[in-house]
Amino acid sequence: GGGGGGGGAVGESMATNFTGLGLDITSNAVAAAFGDGTVAFMADSVFTRFSLGFDLVRVAIAGDDGVFLLPTEANVAAAAASAVSSSSSAGAASTPPSTPSFVSAVHGYPLAALVHMVILADADPVKAALPTLSHALSPEGQQGLRAIGFFGLSAAELTTQRGELATLHEFMASSTAATDAISISIVGSSTVYPVMSEWSRISTGKPENANLIVNVAGGGSGWGAKALCSHYVDVGVMSRQWKSSEVEWQLDGYTAHCVDVGGMQVGAAHTMELRQELCRDGRCRATTTSSTTRTNFTQILLGYDALTVITALEGNAHTCVTAVLEGLTFAQLRWIFTSFSDDELTAAGVDLASVVPNDDKDGVKEWSDLDAACAHAEIVIGGADQQSGTYVFMGETILPTFGEKAGEENFRGLQADGFKECMLPQQCTYYNSVDDKDVVNVLRSNQNAVGYMGAAYAKEHVDVIHKVAVSGDTVKGMKASLMQANEPDDIDSLMKGAYPLSRALFM
């Protein structure tokens, strides 16, 4: 790094060389920082930073007798002597305010900048950088800094940095002791997350797997696909099938290679949480942001999930779908969730006369539109966000012309830049979240809301939500339909394919 490049040079260096040197790293180059202030993200890397000393930026003035430097050479020499005294004694030497010593640099000298060494927070680069870093923080290393025109650290700052160095040595000792460890990172579907967490807990608890480390994180099926194809993790888990644009399947039907899933983008809040989860054992890996990484993989079917339509356990929505309608058809779910107008639904073959026989034509979707015996209250909708396989599966299943381009059918509320982010359901048309617990909270706080989630999360909250019976009729409403509505808990109907929202789960 260096050469005036600062943070940018560090970023370029770390892409290939594990370490970088620079005057400082600008705030816009760092996507996020951990609470301890020493570890942060830049580009696709997690790094740790050590302060080595101070650089003095000097002002050059052209004069008749040549170039005149401020501060003068005499000032610099005095400052260097002061800095030596400062770093070798308990307290800093007293110096004139204008002298660019360590003390004045810290307390206001405007053209002094810390010099840092930045190291990827991973075992191999840390091991490679430790000898240089240890020397830089030693008395000899600090003297070497001064010899080439920099200023060393104070005694207090050296103590802090050497403490961080000791922590790094401890990390390496633990990493070395676990060189035989097998580390597996898994990320993806929030639906599959409980299963993978339980399997990893059981696997790592067995005596024969004492060296096995399994880190599991959610984030959605979209993240699972991107993480796998970006060489970010060993295993991706998904609650949807791959899109034809994402992969090319081999003739055997279960092996494929990535084509275009988009690269991992570091910076989102849940991305940092994901990185912290997957890097707990100190074995993070460098990633690529290429959208065309040719990663080969094998897909394994894990089992089946019953995507579950849910309401609060008590309230207007619950009363309507149980006591009045006794379930919802695909046609009714489509009307509730779709971005299409009534005219577009009619053109698509939906019998609105049976789906919403009591529609008052006020432009607001209300429970009473479905039946006069239901409450005259606006229907609030919620569900998974766009990174989720649950979102894709629900969209493709109940919205036959589902897509995210302008003019295509989607959940109502989709804008050109995605769904509006909202803290409360009344702030947006479709309350969406990567966390199913958020959807449950929306239902608990609004008796007019209806949403959807995977069976495992629905089962966790049976004390506060109702699981709606669903019919696969894509044309008519419940009272006019000849098709039976099935419960998601009916294992027999699920295995026979009678429950219309069953889906496969993949590793």
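**Disulfides, strands and confidence**

Let's start at a disulfide (a pair of cysteine sulfur atoms within 2.5 Å): the link of C320 and C374 is right-handed, with 80° about the S-S bond. From S to S, the distance between C320 and C374 is 2.1 Å. This pair ties together distant parts of the chain, 54 residues apart: C320 sits in helix α10 (residues 316–324), and C374 lies in the loop between α14 (367–370) and β17 (380–384). Helices (H or I, at least four residues) and strands (E, at least two) are DSSP runs here, numbered from the N terminus.

Before going on, a word about what you are looking at. This is a predicted model with residues numbered from 1 along each chain as its sequence is written.

Are C320 and C374 buried or exposed? Buried means under 20% relative accessible area, exposed means over 50%, and partly exposed is in between (1.4 Å probe, protein chains only). C320 has a relative accessible area of 1%, so C320 is buried. C374 counts as buried too, because its relative accessibility is 7%.

The structure holds two disulfides, and the other bond to look at joins C229 to C258, with 1.8 Å from S to S. The torsion about the S-S bond of C229 and C258 is about -75°, so this disulfide is left-handed. C229 belongs to helix α8 (residues 221–229) and C258 to strand β12 (residues 255–258), so to speak two distant parts of the chain, 29 residues apart. Both cysteines, C229 and C258, are buried.

Now follow the strands. Strand β8 (residues 182–188) pairs with strand β9 (residues 212–219) in the parallel sense, over seven bridges; two strands pair if DSSP finds at least two bridges between them. Within this pairing, G188 has G219 in β9 as its bridge partner. To get from β8 to β9 the chain passes through helix α7 (residues 193–204), and this β-α-β crossover is right-handed. That term applies if, with the strands pointing away from the viewer, the path from the first strand over the helix to the second runs clockwise. β8 also pairs with strand β10 (residues 235–237), in the parallel sense over three bridges, and here V187 stands opposite G236.

Two single residues are worth a visit. Q161, in helix α6 (residues 155–177), counts as buried because its relative accessibility is 8%. Leaving out residues up to four places away in sequence, Q161 touches F50, S51, L137 and L153, where contact means heavy atoms within 4.5 Å. G303 is in strand β14 (residues 301–306). Neighbours within four places in sequence aside, G303 is in contact with R503, A504 and L505.

Finally, how confident is the predictor? The mean pLDDT of the chain (the predictor's confidence in each residue, from 0 to 100) is 75, and 68% of the residues reach 70 or more. Over residues 1–45 pLDDT stays under 50, and the model has 99 contacts beyond four places in sequence for them. Residues 83–108 are below 50 as well, with 42 contacts in the model beyond near neighbours in sequence. Where pLDDT is low, the predicted coordinates should not be read in detail.

Methods:
Predicted model: local features only at pLDDT ≥ 70, side-chain atom pairs only at ≥ 80, totals over all residues. Heavy atoms only, no water.
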